[in-house]
Amino acid sequence: MSRPARLALFALAGPGLLAVLLVGFAGLPAFGDYHGVYGLVVDGVELGERHATDMVTALNFDLRAFDTLGEEYLLFASVVGVVVLLRALRDEREEDTEHDTGASSQHVFEGASDALRASSLVLVPMLIALGVYLVIHGALTPGGGFQGGVVLAAGPIALLVAGRYLAMKRFAPQWALEALEALGAGGYALLGVGGLVFAGDYLKNFLPLGIPGHLLSAGLMPLNSIAVGLEVTGAFLLVWSEFLDQALLVRRAAES
Amino acid sequence: MSVVQAVALAAVAFAGTVTVLVSDPLRQIFTLGVYGLTLTLLFFALQAPDVALSEIVVSTIGLPLIALAALRKIREHERAREQETER
């Protein structure tokens, strides 16, 4: 379709969409004007019977913990798919990372200044601390396994920004990432089995609840959060390193 | 609707439009990151900190890295093809 034809179509469809949206927005209830029952029930049950103070995490790891299991394995399956697709193909080979010497083996970016490198290295421990905080405080404050997991994965990525991709690969080697991923995914499923054994239902809470607002409270939720955190950290780092391997290390055999 | 929410909403509309109008994929990755940041501010202004955290980690860490790596690989292939045609 030519550009004028496309523009004409948009000139017709755009205002129509805008009108429909405006009518729709006009009919929305005011912000904070909530009449549902579900939210009130969640607030009461999750604080009263589970001692959790962050309702979103309580939803994810308690009320619909089984859905979270499904989501976790969705991520797991897609990561496995990406890894299978991106592994070195038959006419490609990875640069020999063992025997290279000097600056080339570090993949120092020509544009990476000392200031950028220094500030990236400062970021690494800060990101890891923030990620750990988000993961273990999931049931107390906003955050949780998913968000904390991505922040944790960003820690080693800061090394990449410093221009040290191979240092990152040593810091977070492939086997460790695969182990993290498997431990997180398997751990969550096993916590569910624990519920089956000790409480009679899959993923049902079987741990003491503690005092609301304390670090060790809300029963199973902190453990679920940690399992998801490990899984997400492993998943993101695996996918990134597969993509970056393809982009930075893998060359077609004919070129080398 | 408070002033903060209105400002955040306007920022989302602006950043979203800019992201669509930028045509170079490399620049688009960065405007997409900024767009994600404005969305994060909006979610925060609407008192949804959990969603805001998810949005900020996905839009500023998760997506750009994969897009950048993919872009680099594509450019590499294009360069190799150009060299072949020159010969």
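These legends walk through a few close-up views of a predicted model.

**Figure 1. Chain A at a glance.** Let's start with the parts list: chain A is built from 10 helices and 2 strands. If you follow the sequence along, the elements come in the order α-α-α-α-β-α-α-α-α-α-α-β. Of the 256 residues in chain A, 36% are buried. Contacts also reach across the sequence: taking those between residues at least 6 apart, 74% link residues at least 24 apart.

**Figure 2. Helices H6 and H7 of chain A, side by side.** Here we zoom in on H6(A), which covers residues 114-136, and H7(A), which covers residues 145-161. Their axes sit 8 Å apart, and the packing angle is about 170°. Angles over 145 degrees count as roughly antiparallel, so that is how H6(A) and H7(A) run relative to each other. On the H6(A) side, look for Ser120(A), Leu123(A), Val124(A), Leu127(A), Ile128(A), Leu130(A), Gly131(A), Val132(A), Leu134(A) and Val135(A). H7(A) answers with a set including Gly145(A), Gly148(A), Gly149(A), Leu152(A), Gly155(A) and Leu159(A). Sorted by class, the residues of this contact are 14 nonpolar and 7 polar, with no charged ones.

**Figure 3. H7 of chain A meets H3 of chain B.** Now we hop across to the other chain, where H3(B) spans residues 49-86. H7(A) and H3(B) pack at about 35°, and their axes are 9 Å apart. The crossing of H7(A) past H3(B) is left-handed. From H7(A), the residues that touch are Phe146(A), Gln147(A), Val150(A), Val151(A), Ala154(A) and Ile157(A). Facing them from H3(B) are Leu53(B), Ser54(B), Val57(B), Val58(B), Ile61(B), Gly62(B) and Leu65(B). This contact brings together 10 nonpolar and 3 polar residues, and no charged ones.

Note on methods:
Residues numbered from 1 in each chain as written. Chains lettered and ligands numbered in written order. Predicted model: local features only at pLDDT ≥ 70, side-chain atom pairs only at ≥ 80, totals over all residues. Helix = DSSP H or I, 4+ residues; strand = E, 2+ residues; numbered from the N terminus. Buried ≥ 20, exposed ≤ 12 C-beta atoms within 10 Å, placed from the backbone. Contact = placed C-beta atoms within 7 Å. Axes fitted to C-alpha atoms, helices over the stretch in contact; angles between N-to-C directions. Left-handed = near helix turned anticlockwise from the far one by under 90°. Nonpolar A, V, L, I, M, F, W, Y, C, P; charged D, E, K, R; others polar. Parallel < 35°, antiparallel > 145°, perpendicular 65-115°, else oblique.
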